[in-house]
Amino acid sequence: MAALFLLPALVVLGALVVYPIAFSVFRSFMNADGSSFVGLDNFTELFTDDSTLIAFRNNLVWVIVAPAVCTALGLIFAVLTEKVRWGTAFKLLVFMPMAISMLASGIIFRLVYEQDPDRGVANAMWTTVHDTFAETSPWPDARPRTDAPLTISKGAYTTKDTVDAGSPAHLPLVGIPPKEAGDAAVAKKPAKAEGGQITGAVWLDFVKGGRSEHGVIDQQEKALAGIKVEAVKDGRKVAEATTGEDGTFTLPAAADGAKLRLPASNFAAPYNGIDWLGPTLVTPAIIGSYVWMWAGFAMVLIAAGLAGVPRELLEQARVDGCNEWKVFRKVTVPLLAPVLGVVTVTLMINVLKIFDLVYVIAPGATQREANVLALQLYLKSFGGSPDQGAGSAIAVVLLLLVVPVMILNIRRLRRESRR
C-alpha cells in the first residue's frame with residue numbers, strides 16, 4: 001500500500017530527476033553529436049579550456065562571497081529590527097525582492113549599472129557625489145579653430161603672442177554644439193583696460209545658420225563663462241582669472257607682456273562614473289544584485305530562529321555586565337549557529353547553480369569575465385557551435401559540486417530535528 005501511494009511521486013522523480021541525471025552522465029562520455037564514445041576527453045577538455053577555468057574561478061568567488069554577505073546582512077537586519085516598532089515593515093521591504101524573478105532582477109540591475117549617468121542609477125548617484133567634491137570642466141568640447149592664434153600643448157591652449165594693456169585679448173573657441181550653449185549669455189566685447197590691466201573675452205565664435213567673422217564678437221555669439229585664463233611668463237603662471245557670464249575677464253597688471261593660457265582643466269571630458277559592468281567589476285556587481293534579492297531570505301530564516309532564542313539567557317548576560325555587542329557576539333550568534341549554518345549552506349547550493357543574473361546582466365563584451373559554470377554549460381550545449389558532450393560533462397561536474405553541500409545540509413537538518 002505504501003509503495004502504491006509513493007508510485008506517482010517516484011514516477012515523476014524518475015522522469016524529471018533520475019533519467020536526466022543518468023542520461024547526462026552517459027552523454028558526457030560521447031562526442032559532440034553523440035555518435036561515438038570518447039571516454040574522458042570531454043572532462044579533459046573541461047579542465048584545459050580557458051573559459052571553463054574562468055567559470056570555475058568565478059563560481060568559487062560566488063560560493064565564498066555571496067552566501068557570507070547575505071547571511072551577515074540577514075543576521076544584522078534580523079537582530080536590529082527586532083527592537084524597533086517598524087521592524088515588520090522594514091523586513092517586508094527587504095524581503096520584497098524575493099517576489100521578483102531572477103530574469104526581472106537581471107533586467108532591473110542591467111539598467112541600474114548602465115554606464116551613462118542619465119540612464120544608470122548607480123552612476124547617477126556616484127557622479128553626483130563626485131561632482132560635489134570635484135570641479136567639472138565647463139566646456140569639454142571647446143577647441144580653437146585651426147587658424148586661431150593659439151597653440152596646443154598637453155591639452156592646454158596658449159596664445160602665440162604676448163598681450164599688452166593697450167589691446168584686449170580675443171580668445172575665440174569653436175566645437176561646442178549650439179544647443180549646449182543655447183542658455184549662455186550673449187558675448188560682450190571686453191572693456192578698455194585701466195591701470196595696466198589686461199582685459200579680454202572668450203566666446204563661441206560660431207553662429208548657427210548665419211555668417212560671422214572669425215575672431216570678432218558679432219551676431220549674438222554666445223559667451224563661454226567659467227573658463228580659467230592664466231597669464232604665463234617663462235613657463236610660470238603670474239596671474240589668473242575666470243570668465244564671467246558675458247565671457248569677459250580681467251587680469252592684473254602683472255600679466256602685461258605675458259602669454260595667455262587656457263589650461264586643460266577647462267576642456268577635460270566630464271566624469272562618467274564607474275564602469276560597473278567592465279572586466280574588473282562585473283562579477284562583484286552581479287553579486288551585489290544577488291545580495292539585494294537574497295538578503296531578505298536570510299533575514300526571514302534568521303529572524304525565525306531568533307524568535308526561539310530563550311530571552312532569559314540574554315537578560316542573564318546583561319545582568320552579568322555584558323554590553324549589547326558582547327551579548328550579540330557571545331550569546332546570540334552561538335545560539336543562532338545552527339540556523340546560520342542552514343542559511344549559508346542553502347545559499348551555497350543556490351549560487352553554485354546561478355545562471356539568470358549573469359546571463360542577463362553581463363554585456364557580451366565582458367560575459368567571459370563574468371562566466372559561471374551554469375552559463376558555460378548553456379553556452380557549450382546550445383551556443384554557436386554546440387557540443388552537448390562537453391556541456392553534459394560540465395553538468396556532471398556541477399552535480400558533483402552540489403551533492404556534498406546538499407548532503408551536509410540534510411545531515412544538519414536531521415541533527416536539528418533530533419534535538
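A: A residue is called buried when its relative accessible area is under 20%, exposed when that area is over 50%, and partly exposed in between. Please keep in mind that the model shown is predicted.

Q: Which residues of helix α5 are buried?

A: Helix α5 covers residues 102–112, and its buried residues are Met 102, Ser 105, Gly 106 and Phe 109. Viewed down the axis of α5, these buried residues fall within an arc of 100 degrees, so they line one face of the helix.

Q: What do the buried residues of α5 pack against?

A: Their packing partners are three helices: α7 (282–307), α9 (324–352) and α10 (356–361).

Q: Where does UniProt place the feature "transmembrane region"?

A: The unreviewed UniProt entry puts this feature at residues 60–80, 92–113, 291–310, 331–352 and 389–410. An annotation of this kind may be inferred rather than shown by experiment, and it can be set beside the model. Over residues 60–80 the chain is 100% helix and 0% strand, with 31 Å between the end C-alpha atoms. Residues 331–352 are likewise 100% helix and 0% strand, and there the end C-alpha atoms lie 32 Å apart.

Q: How far apart are Val 300 and Phe 95 in sequence and in space?

A: The two residues are separated by 205 residues in sequence, while their C-alpha atoms are 7.7 Å apart in space. Val 300 is located in helix α7 and is partly exposed, with a relative accessible area of 37%.

Q: Let us turn to the sheets. What is the strand order in the sheet of five strands?

A: The order is β1-β2-β8-β5-β6; the sheet is open and the pairing antiparallel. β1 and β6 (236–242) are the edge strands, each with a single partner, so one side of each is left without a neighbour in the sheet. Direction ignored, neighbouring strands of this sheet are turned by 30 degrees against each other on average. As a general principle, side chains in a regular strand alternate between the two faces of the sheet.

Q: How many bridges join β1 to β2, and how many residues lie between these strands in the hairpin?

A: Four bridges join β1 (residues 150–153) to β2 (residues 156–159), and the two strands run antiparallel. Ser 153 has Ala 156 in β2 as its bridge partner. The hairpin that β1 and β2 form has two residues between the strands, and Lys 154 in the turn has a positive phi of about 55 degrees.

Q: What is the bridge partner of Thr 158 in β8?

A: The partner is Arg 261. β2 and β8 pair in the antiparallel sense over two bridges.

Q: Which strands form the sheet of three?

A: Strands β3, β4 and β7 form this open sheet, in the order β3-β4-β7 and with mixed pairing. Its edge strands are β3 (169–173) and β7 (248–251), each of which pairs on one side only. From one strand to the next, the twist averages 20 degrees. β3 and β4 (residues 198–204) run parallel and are joined by five bridges; in β4, Val 202 is the bridge partner of Leu 171.

Q: How many salt bridges does the structure hold?

A: A salt bridge is counted when a side-chain nitrogen of Lys or Arg is within 4 Å of a carboxyl oxygen of Asp or Glu. The structure holds eight salt bridges. One of them joins Glu 82 to Arg 311, with the closest N and O atoms 2.6 Å apart. This pair links distant parts of the chain: Glu 82 is in the loop between α3 (50–81) and α4 (87–95), Arg 311 is in helix α8 (residues 311–319), and they are 229 residues apart. Glu 82 is partly exposed at 35% relative accessible area, and Arg 311 is partly exposed at 33%.

Q: Which residues are linked in a network of salt bridges?

A: The network links Glu 230, Lys 237, Glu 240 and Arg 261. Glu 230 is buried, with a relative accessible area of 8%. Its side chain meets that of Arg 261 at 2.7 Å, N to O. Arg 261 in strand β8 (residues 259–262) and Glu 230 in strand β5 (residues 228–233) are 31 residues apart, and the pair links distant parts of the chain. Arg 261 is partly exposed, at 23%. Glu 230 also forms a salt bridge with Lys 237, the closest N and O atoms being 3.9 Å apart; Lys 237 is partly exposed at 40% relative accessibility.

How values were computed: Residues numbered from 1 in each chain as written. Predicted model: local features only at pLDDT ≥ 70, side-chain atom pairs only at ≥ 80, totals over all residues. Heavy atoms only, no water. Pairing = 2+ DSSP bridges. Buried < 20%, exposed > 50% of the residue type's maximum accessible area, 1.4 Å probe, protein only. Arc of directions from axis to C-beta. Contact = heavy atoms within 4.5 Å. Axes fitted to C-alpha atoms, helices over the stretch in contact; angles between N-to-C directions.
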